[in-house]
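Hi,

Here is the structure I promised to pass on.

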Amino acid sequence: MNALPPSDRKSLAALTAALPEGILLTTEADMGSYSRDWSGDHFGRPLAVARPRTVEDVSTLMTICFRECIPVVPQGGLTGLVGAAVAAPQGGEVVISLERLNKLRSISAIDFAMVVEAGCILEQAKNFAEAHDCVLPITFGAQGSCRIGGNVATNAGGFNVLRYGMTRDLVLGLEVVLGDGRVWNGLKVLRKDNRGYDLKQLFIGSEGTLGIITAAAFKLFPRPTQVETALVGLRSVEDAMSLYARARRECSDLLTAFELILRGGIDIALNAGTGLKEPLSARYPVYVLIEASAGGRVNLKAILEDFLGDAGDLVVDGVVASSKAQAERLWLLRETMVETQGGGGRYLRTDVSVPISKLADFVTDTLGELAKHHPEALAVTYGHVGDGNVHLNIVPPHNSTPDAIEALFHETETIIFDVVDRYSGSISAEHGIGRVKQKAFLDRADKVTLDIAGRLKDAFDPKHILSDGRILGTHSSIGGIA
Ligand code: FAD
């Protein structure tokens, strides 16, 4: 502590005096797991890590931070991957981990609603819902690690967006500790409430820059009693998109997932050494993993099989899982691809979106540009078709030097983002802006958007102590990539 600059020592002394015992971590060893994200690519040097046990603790913490101008960054499960949830690499920020605020506060199978604290792991919140025969339909690969506050702060999507919408569509209310320590109680489970501004929407997707979310009320849905999974092989992304539009109509909008995977992704999963086998009788350029779910007296399997049978002009080959275990094996292909795509090394992640109707042209154009300028790079392509979201990740050739990797990442990202711009898409459809996408975001944002966003930031956080340098980046520089 003595090696710290006097201002940091003063900050720590003020926090230690005000907070109950056992909340602050200050040694490098204790703070290690709060300093690096899920990918290992983004790191930070926190001044301290605060782990509040109650909303009052968060309020006390923010009151002191506001008074003393101590910068903070709220942290969930560290799966956001844009350098937003780790402290700034140059030091000085206090990380606020919400991990101890993790309780279910209430749940009602009549309201079809639950109130859960921000530090609850998403999978645990889903289990709470299931225990009441309901479903919280936020579903994706990181659900065993990410936390509710992070999901709200990034407006998380996932496999089920095509049926239930994003987190924004599912949040009924929020409780938020503001930058000056006041608690805003916007927690309610009302379906309809038109009393003035819908303030909760400002915090959803705000990446910790406007307040610390401490609890959220969510819409729930009846838990499906039937789930059917199929994997199909197709000739092109264009055919996949035609299949998507048809499937939504002909399966009575019962689809809960429609995941596009180009062949390269299947190869990655099969070569990962986990014993996965070629899933269909031959290799196809494009695959789609389809899930449909329903409750009640619907013959879901017949609907899906009839649909796929009738779609023979598009579907070249396919399998409908005959058991839960087989369905899990099909999903494992996708999970394995995501987890092993970098082969243990660094790779460029992008999470872009375009209008759904343009997705096929977008993928064709982008892969064409990448192949022309960087044939040596492997482009891994997959996405949640239902939200027009596609990942085009770039894996560098083996034995590339760090400098060559940096150059490749910069050039390929520029190519991808340029095509996104041509299709009026978004350079960040999932992970947010954080610090990593900040320049690309600011370069594209129009003046009016930036003016409104800047005024909101000033109103909620006049001293710029909340996640400063993320999204708008007024005071910090971009950085933190190891
Ligand atoms: P963190 O990474 O800890 O934080 C993310 C942001 O939220 C930061 O800005 C942080 O400061 C802020 N924050 C965290 N908690 C709070 C709080 N209580 N109050 C205010 N701000 C807070 N995302 C998708 O949308 N769809 C996907 O399909 C998807 N798939 C993924 C698959 C994998 C394998 C991985 C690693 C990530 C995936 N993601 C996906 C991205 C990521 O999981 C989500 O963005 C997730 O919502 C982040 O939650 P977290 O708890 O890990 O947040």
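Let me start with a pair of helices. On the α10 side, G265, I266, I268 and A269 make contact with L333, T336, M337 and T340 of α12. Sorted by type, the residues of that contact come out as 5 nonpolar, 3 polar and no charged. Keep in mind that this is a predicted model.

How do the two helices cross? The axes of α10 (residues 263–270) and α12 (residues 324–340) come within 8 Å, with a crossing angle of roughly 85°. Angles of 65 to 115 degrees count as roughly perpendicular, so α10 and α12 are roughly perpendicular to each other.

Next, the cores. The largest nonpolar core has 72 residues, and A216 and F218 are the ones with the most contacts inside it. Strand β10 (residues 212–219) supplies the largest share of this core, 6 residues. If you want to click through the neighbours of A216, leaving aside residues up to four places away in sequence, they are V116, A118, I148, V152, V171 and L174. There is also a second, separate core of 65 residues, with L330, Y347, V390 and V419 among its members.

As for the overall layout, the protein is divided into domain 1 (104–222), domain 2 (226–340) and domain 3 (352–422). The centres of domain 1 and domain 3 are 32 Å apart, taken over C-alpha atoms. Where these two touch, domain 1 puts in 4 residues and domain 3 puts in 4 residues. On the domain 1 side of that contact, 3 residues are nonpolar, 1 is polar and none is charged.

Cheers

Terms used:
Residues numbered from 1 in each chain as written. Predicted model: local features only at pLDDT ≥ 70, side-chain atom pairs only at ≥ 80, totals over all residues. Domains from an automatic or database assignment. Contact = placed C-beta atoms within 7 Å. Nonpolar A, V, L, I, M, F, W, Y, C, P; charged D, E, K, R; others polar. Core = buried A, V, L, I, M, F, W, Y, C linked by C-beta atoms within 7 Å. Buried ≥ 20, exposed ≤ 12 C-beta atoms within 10 Å, placed from the backbone. Helix = DSSP H or I, 4+ residues; strand = E, 2+ residues; numbered from the N terminus. Axes fitted to C-alpha atoms, helices over the stretch in contact; angles between N-to-C directions. Parallel < 35°, antiparallel > 145°, perpendicular 65-115°, else oblique.
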